[in-house]
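Subject: Structure handover

Hello,

Here is the structure I said I would pass on. My notes on it follow below.

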Amino acid sequence: MDCTRDRLSKKKEIIKFIKSLGIEVNTTTKALGHQGFFRRNRIDISRNISEERVIPTLLHEFAHFIVFKKKNICKDFIPIFMGNSDIFEEELSKVTNFVDNNSTFEKMKLQKENIKESIKTYEQIVRNKYPNFKRNEKFKPFLNYARFSDAKHLLKYDAIKVLHWFSYKTYSIMNIEQEFPDMPKEFVSYLKLKSCQRKQASISRKINKMTKYYKEPTELFARFVEGLYIDKEEVISLAPYTYNKFKELFLQGYYYPLNKLFEIVNIIL
């Protein structure tokens, strides 16, 4: 109970201080679908996150404010942002993975592996009858079969509506056996294989997009600051060179007024 009361007290003090800088703080929005969001002089904290996540999220978004306020901060923070040191990138990536489990993409990677196995299974079913089948080449037996069938649309889409005179018919990969009961199992497997390939490609695009996001200098900096609150000793262990560089600049007042928030949450460098 005391821990909860202390956390709520610190949260109120942090918000009061941030507002004193002329920054609007909202804690009852969806924060554009994120845990938190900073834009110019406004910080939104999602109402959907737990109380334990509010303070680290406030620190994270305030770090974005520091970057916004001092636009060259990312170049001066550490040499990685001038493109001449790999060790800092490696360290900050470790901190990011510690702070945000989603940055490791473990769930998506597992999904990709499961889809990969499904593709192999479907491919084998097709090859049992068509041994020369290649998954990335046109499959002429199916194209000939589906030439005058709505099934051909499922080559590109998992679900689709097709106009028939004055009404629509809906088809989906999930219900393909029911919607096309006479379709040979090899062709059913082929369509499911194509669906899996689309899902696999979609996950790869998401991972690539999110990797770029997590590698952005401002995000690396914000998660580093957040990590110092979550577990400073772990951050020091994961990123000793980065920490020393940050501490050096911090004690020079370079990140002012971040020092005030550190005082409130008892982060001592």
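A nonpolar core here is a set of buried Ala, Val, Leu, Ile, Met, Phe, Trp, Tyr and Cys residues joined through side-chain atoms within 4.5 Å. Please keep in mind that this is a predicted model.

By that definition, the largest nonpolar core holds 45 residues, and Phe246 and Tyr255 have the most contacts inside it. Two or more residues of this core come from each of α1, β3 (42–46), α2 (51–69), α4 (86–99), α9, α10 and α11 (258–264). Helix α2 gives the largest share, nine residues. There is also a second, separate core of 28 residues, with Phe105, Met108, Tyr171 and Ile173 among them.

Next, a helix pair. Helix α9 (residues 217–238) and helix α10 (residues 240–251) have axes that come within 11 Å and cross at roughly 120°. The crossing of α9 and α10 is left-handed. On the α9 side, the contact is made by Phe221, Phe224, Leu228, Lys232, Ile236, Ser237 and Leu238; on the α10 side, by Pro240, Thr242, Tyr243 and Phe246. Sorted by type, the residues of this contact are eight nonpolar, two polar and one charged.

Last, a single residue. Lysine 12 sits in helix α1 (residues 2–20). Its relative accessible area is 62%, so lysine 12 counts as exposed, the cut-off being over 50%. Between lysine 12 and isoleucine 55 there are 9.7 Å in space, C-alpha to C-alpha, with the two 43 residues apart in sequence.

Regards

Terms used. Residues are numbered from 1 along each chain as its sequence is written. This is a predicted model: local features need pLDDT of at least 70, side-chain atom pairs count only at pLDDT 80 or more; totals for chains, interfaces and linings use all residues. Side-chain values use heavy atoms; hydrogens and water are left out. Axes are lines fitted to C-alpha atoms, for helices over the stretch in contact, and angles run from 0 to 180 degrees between N-to-C directions. Helices (H or I, at least four residues) and strands (E, at least two) are DSSP runs, numbered from the N terminus. A crossing is left-handed if the near helix is turned anticlockwise from the far one by less than a right angle, and right-handed if clockwise. Contact means heavy atoms within 4.5 Å. Ala, Val, Leu, Ile, Met, Phe, Trp, Tyr, Cys and Pro count as nonpolar, Asp, Glu, Lys and Arg as charged, and the others, Gly among them, as polar. Buried means under 20% relative accessible area, exposed over 50%, partly exposed in between (1.4 Å probe, protein chains only).
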